[in-house]
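Here are my notes on the model, as numbered points. Please read them with the structure open.

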Amino acid sequence: MSANLSAIFYLISGVLFILALRGLSSPETSRQGNFFGIIGMIIAITVTFLSVGNFSIGFLYVFVFLLIGGAIGSFIAFKIPMTAMPELVAGFHSLVGLAAVFVAISAFINPEAFNLGVPGNIKLASLIEMSIGGAVGAITFSGSIIAFLKLQGIMSGAPITFKGQHLLNAIILISIVVLTYLLCASQSSSLFWILIGVSFLIGFLLIIPIGGADMPVVISMLNSYSGWAAAGIGFTLENTALIITGALVGSSGAILSYIMCKGMNRSFFNVILGGFGATEQASSNQNKEKRPVKSGNADDAAFLMKNASSVIIVPGYGMAVAQAQHALREMVDTLKKNDIKVSYAIHPVAGRMPGHMNVLLAEANVPYDEVFELEEINNDFANADVAFVIGANDVTNPVAKTDPQSPIYGMPVLDVEKCKSVLFVKRSLSPGYAGIDNDLFYKENTLMLFADAKKMTEDITKNL
Amino acid sequence: MEIDPFIFRLSIFILSIFVGYYVVWSVTPSLHTPLMSVTNAISSVIIVGAIIAALANNESNFFSLSSSFGYLAITLAAVNIFGGFLVTQRMLAMYKKKKKEKK
């Protein structure tokens, strides 16, 4: 297949990828969009086979490895529970990163295959591109591994910080630039390996200081990195499909990071530099005096809801942990049978990744037209009778609006306290991720329900 | 003077960033998780590089160092492609079902 023809096909698959993302603008078009994405991928792979045109035994090997990977991927995709989506996405990011590293390595070892020159004398531009692709890929890989371990709970979600951390990171980042420069000057393969190794290291170091609840930002950021790594490799291979895709994914991840940061009213750098807990500890200690709370049981909650005419549900990460989404939907079904209007309010950073709550509710068969974003529903709290907060905490804290001293001041929060009554399902009075007390607990109209989210929801349903 | 093809690729890259910017802003927030999984799948188009690397061998040595890295990259990218698209499909199917039942 001629180079021009295959370039056109790569362009087509790039366009199909754009359409795949475009489809996600609404749930109705999204499935078609995903289909476009699949077609785009099939075109890209087929064209690559045809343009290499080497149908030797090697071709068979390629196919075997493709099928092995495909089988593993399909198995994971069918088996994975929806609550584990953040881990899965982090894991997938690491694979993209590692694949980029491997492609960069093999382009470095065997540049003839890609028309990039000969070993020891690779075209300068290509060398820079593959260094960038390889380095960003390595950072994506090791960063995603840490994110995966933290999300999976294998590694503590608490930020790991040490003295001189930022300085060390800065030195390593500078050394990556210097190494790239030296590599271009000398074409030395040992420098190339050092560059890759150092990039793996900085990936680890960049993510370990970031705490569990900041994971939405981290995952989005790594998503972005995986895109830039792909684009870097795309330049090396002079492949349009890869360049377009890399740019799409890169900007997609960047936008999601921005949305997540805005949802927490924190700057991107503030999140990246880590240690949310560290600086905020002082303010949490001030609020230590005991204040009275009203606590109730499932019976009380059922009574309140039965007499309500509208209920707003505020889910959070705790719902995912307790796997309470199905129980929750059953409770809502019962409420609806009693002619009570129910809607769901979702904060942008609820859960551990963008859109996490939406997927869980969708899994539990909650129709997506009952699920609302913060801006859409925030005014409705004042007219609602009951707010049912399940597994959320900081995102409902009115302190964000009232106390300029608070670390979360200015963060957009759900106006839960405006409801006639608030039911707060929580295991204890312990503060949320930001380490601050939630004023909502002590409000006159708040009833605390101390229990496991799933168990409590089931008990309420029984009492309705 | 002839323009370096690199400039064309750079143009494509920059314009794609803008396309990505506007397309992604139009994605509804409730589909942000599928957005991540599908971007994951499409960024695995890096498999084309892996295939070229794997097939660039002479008849005698199918598992040269560079080919082996190619095979590894193919496997990783394939996990992502199949896994990414299928899990996205699975999620999107859940969103779709609802609409049908309720409307």
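1. Buried area, as used here, is the accessible area (1.4 Å probe) that two parts lose on being put together, summed over both. The size of an interface is often given in this way, as the accessible area lost when the parts come together. For chain A and chain B the area buried between them is about 8500 Å², and carbon and sulfur atoms give 79% of it. L24(A), R31(A) and N34(A) supply 8% of what chain A buries against chain B, more than any other three residues.

2. On provenance: this is a predicted model, in which local features need pLDDT of at least 70 and side-chain atom pairs count only at pLDDT 80 or more, while totals for chains, interfaces and linings use all residues. Residues are numbered from 1 along each chain as its sequence is written, chains are lettered from A and ligands numbered from 1 in the order in which they are written, and side-chain values use heavy atoms, with hydrogens and water left out.

3. Counting contact as heavy atoms within 4.5 Å, 104 residues of chain A are in contact with 81 residues of chain B. Across this interface 16 residue pairs are in polar contact, both residues being at pLDDT 80 or more. A polar contact is a pair of N or O atoms within 3.5 Å; within protein, one must be able to donate a hydrogen and the other to accept it, and residues adjacent in sequence count only if both atoms are side-chain atoms.

4. Which elements of chain A give two or more residues to the side that touches chain B? They are helix 1 (3–22), helix 2 (27–52), helix 3 (57–79), helix 4 (85–109), helix 8 (215–237), helix 9 (240–263) and helix 15 (356–363) of chain A. Helices (H or I, at least four residues) and strands (E, at least two) are DSSP runs, numbered from the N terminus. Helix 3 of chain A gives the most, with 17 residues. By residue class, the side of chain A that touches chain B divides into 66 nonpolar, 28 polar and 10 charged. Here Ala, Val, Leu, Ile, Met, Phe, Trp, Tyr, Cys and Pro count as nonpolar, Asp, Glu, Lys and Arg as charged, and the others, Gly among them, as polar.

5. A salt bridge is a side-chain nitrogen of Lys or Arg within 4 Å of a carboxyl oxygen of Asp or Glu. The count between chain A and chain B is 1. The side chains of E238(A) and R9(B) meet in a salt bridge, at 3.4 Å from N to O. Over all chains the count comes to 10 salt bridges.

6. Chain B has 4 helices and 0 strands, in the order α-α-α-α along the sequence. Of its 103 residues, 59% count as buried, where buried means under 20% relative accessible area, exposed over 50%, and partly exposed in between (1.4 Å probe, protein chains only). L55(B), in helix 3 (residues 47–55) of chain B, is buried at a relative accessible area of 2%.

7. In helix 15 of chain A, 7 of the 8 residues are buried, so the helix is largely enclosed by the rest of the structure. The buried residues are H356(A), M357(A), N358(A), V359(A), L360(A), L361(A) and A362(A). N365(A), which follows helix 15 of chain A, has a positive phi, near 65°.

8. E370(A) forms a salt bridge with K336(A), the closest N and O atoms being 2.8 Å apart. E370(A) is in the loop between helix 15 and strand 5 (371–373) of chain A, and K336(A) is in helix 14 (residues 325–337) of chain A, 34 residues apart. E370(A) counts as buried at 15% relative accessibility, whereas K336(A) is partly exposed at 27%.

9. D415(A) and K401(A) meet in a salt bridge at 2.5 Å, N to O. D415(A) lies in the loop between helix 17 and strand 7 of chain A and K401(A) in helix 17 of chain A, so the pair ties together parts 14 residues apart in sequence. D415(A) is buried, with a relative accessible area of 10%, and K401(A) is partly exposed, with 35%. A network of salt bridges links K401(A), D415(A), E417(A) and K418(A).
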